[in-house]
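Let's take a friendly walk through a protein model and look at the links between its side chains. Please keep the viewer open as you read.

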Amino acid sequence: MEGLNQKSLERVVSQRAFAMSSSFPCQICVMGFLCGVCLTSLFLSFSFSPFSPPTMAAANNGGGDSKSILKERERMMYTERSNLSDSNDDKVSLLYDAWSDFLFNKSSTKNGAQFSSINVPNAPHLENCKSTVEISQRLDTRIFNRSFPPWTIWKGNLDELPLSENDEQLQYYRDQIISQGAYPPWITGSDEENYPLTRKVQRDLWLHQHPTNCSDPSVKFLLADWERLPGFGIGAQIAGMCGLLAIAINEKRVLVTGYFNRADHDACKGSSHASWSCYFFPETSGECRVRALELMQDKVAREKGIITVKDNYTSRSIWTGRVPRRWGSPWSIMQPTTEINGSLISRHRKMDRRWWRAQAVRYLMRYQSEYTCNLMNIARHTSFGLEAAKIVLTSSSSEHRIVQELDGKSTIERYVWSNEKAWIPRPLLSMHIRMGDKACEMKVVGFEEYMHLAEKVRSRFPHMNTVWLSTEMQDVIDRSKSYKHWKFYYTNVTRQRGNMTMANYESSLGRETSTNYPIVNFLMAAEADFFIGALGSTWCFLIDGMRNTGGKVMSGYLSVNKDRFW
């Protein structure tokens, strides 16, 4: 019995923790502790509803720089992590620490061999980044002698399910679906839950950016570095690239992005250094990138306009140029789901630009890199890790669910559940509060006005009480603590006290941190159930675009102001 109890506990905590309990007196203490835990669990089973985590995928830091990830762990800590020292549930704390060891140490052990013998329950909030990126790469690569990658209505690894000879008809229909390319896998939700023509536009953008033969003389290019002026925030940089993509579409050129100053730090390694590909999949194929760089060395190609650069275009054409019309004017039938000052906005002067930037930013961010996936794992773990541990332990049987070896996974785990996203507490409200020097560009309101809108959302969805708070102002963080009936999560980075320019603020954080934490906030906002922001902010404008091409149109958007150009 003693050995059985110890084995059961080993399934929950790391071997390192059990090294302390090898003596007989300690084992007796452990057994006593387990009895108390069993009684507590029995009580809790009547107090909490059972919960099934949406995914059982474990984290994988393969490919990420371990030192950089550890540094980022120190820089990006969240409110929930501070509760760990106050937790009276040692079992939850031990499971959280076991997941932490797995998340932060696995990259230093080849193939994660040190964890193969530890039976730790799956972490539902952590994603297997290596596996996810492998799937994304397969879905971003054209099938040999075909027009499209293997895009089907089957998600994740399901399209790799081996088919028997008796499944010829199924194989035929699968091939037909792939030949149409109608289902870009990075688009979720129904057509009604996205901006008009989103799936068709994303398919066409991928085809445009991935010609079958980049060396074909008819293929032209636009090679452009990202904006790097000190006054340009990351939102302005992305908006500028959206404008350049519009030019490339209108001129039938393949856009190839160049130097990205925000990825010019030590954590971005190899070919991804100082490149957009450090954070997201490249906008075009490697073959087209090589071809564009070759043409840049060809004076004749530049003179004939086979390749152009950003300097060939005026600032006006980049920032306020013509939106591509090859899909007609789908913005004219966009659903009015944005509320400002209590009224839904059905039309405004820049509907075409709002629609186009949403399509462009969705394409540019269609797949996360492994580095970004790791950053999101850190964010979710340090924010929601304790909650995930409580849920897993509460919903587990006395024997506990354990991580199975890859070869031991069931068929439904390997294929059907491979597309499930990492768990976050839902419903989740994301709130981006922009103040400081932004007052020179838009109407700025206080935190209380944002919370007034949050209460409006909760009046309709009373079970919502969690907020992902994104802001550069320390005063906002301080004020949030007075709202006791809300639970706030936010990155623990140094914030502004008083007024200072965004350029100076980002400089004080350093390039790596000033890039990583906004991207985490951006992606968390895109995944949240509801969003409150300020459309006068380019960053909020882009978040809105990601949500409206990510199945969130009918979640609505509550804004404290309107874009200054509407």
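What follows is a short report on the overall build, the disulfides and some of the salt bridges.

## Overall build

Please bear in mind that this is a predicted model. The protein chain contains 20 helices and ten strands. It has 566 residues, and 52% of them count as buried. If you take the contacts between residues at least 6 apart in sequence, 76% of them join residues at least 24 apart. The accessible surface of the protein chain is about 26,200 Å², with 52% of that area belonging to carbon and sulfur atoms.

## Disulfides

The structure holds three disulfides, and they can be set side by side as follows.

| Disulfide | S to S distance | Torsion about the S-S bond |
|---|---|---|
| C129 and C373 | 2.2 Å | about -85° |
| C214 and C288 | 2.1 Å | -85° |
| C268 and C278 | 2.0 Å | -80° |

How are the bonded cysteines paired when they are numbered in sequence order? The pattern is 1-6, 2-5, 3-4.

Begin with C129 and C373, whose torsion of about -85° about the S-S bond is why this disulfide is left-handed. The pair links distant parts of the chain, with C129 in helix α6 and C373 in helix α14, 244 residues apart. Both C129 and C373 are buried.

Next comes the link of C214 and C288, which is left-handed too, with -85° about the S-S bond. Here the partners are 74 residues apart: C214 sits in the loop between α8 (198–209) and β1 (220–224), and C288 belongs to helix α10 (residues 286–296). C214 is buried at a relative accessible area of 6%, and C288 is buried at 0%.

The link of C268 and C278 is left-handed as well, with -80° about the S-S bond. C268 and C278 both lie in the loop between β2 and α10, ten residues apart. C268 is buried with a relative accessible area of 2%, while C278 counts as buried at 3%.

Two further cysteines are worth a glance: C242 is buried, with a relative accessible area of 1%, and C540 counts as buried at 0%.

## Salt bridges

The structure holds 23 salt bridges. One of them brings together the side chains of R366 and D140, at 3.1 Å from N to O. R366 lies in the loop between α13 (351–364) and α14 (370–395), and D140 lies in the loop between α6 (129–139) and α7 (168–180), so this pair ties together parts that are 226 residues apart in sequence. Is this pair of R366 and D140 buried or exposed? R366 and D140 are both buried.

Another salt bridge joins D529 to R426, whose closest N and O atoms are 3.1 Å apart. It links distant parts of the chain, 103 residues apart, with D529 in the loop between α19 (511–527) and β9 (530–533) and R426 in the loop between α15 (411–416) and β6 (428–433). D529 is buried with a relative accessible area of 17%, whereas R426 counts as partly exposed at 43%. Salt bridges with shared partners join K421, R426, E527 and D529 into one network.

Finally, look at R203 and D204, whose side chains meet in a salt bridge at 3.1 Å from N to O. R203 is buried, with a relative accessible area of 18%, and D204 is buried at 9%.

Note on methods:
Residues are numbered from 1 along each chain as its sequence is written. This is a predicted model: local features need pLDDT of at least 70, side-chain atom pairs count only at pLDDT 80 or more; totals for chains, interfaces and linings use all residues. Side-chain values use heavy atoms; hydrogens and water are left out. Helices (H or I, at least four residues) and strands (E, at least two) are DSSP runs, numbered from the N terminus. Buried means under 20% relative accessible area, exposed over 50%, partly exposed in between (1.4 Å probe, protein chains only). Contact means heavy atoms within 4.5 Å. Accessible areas come from the Shrake-Rupley method with a 1.4 Å probe; for residues, only the protein chains shown count as cover. A salt bridge is a side-chain nitrogen of Lys or Arg within 4 Å of a carboxyl oxygen of Asp or Glu. A disulfide is a pair of cysteine sulfur atoms within 2.5 Å.
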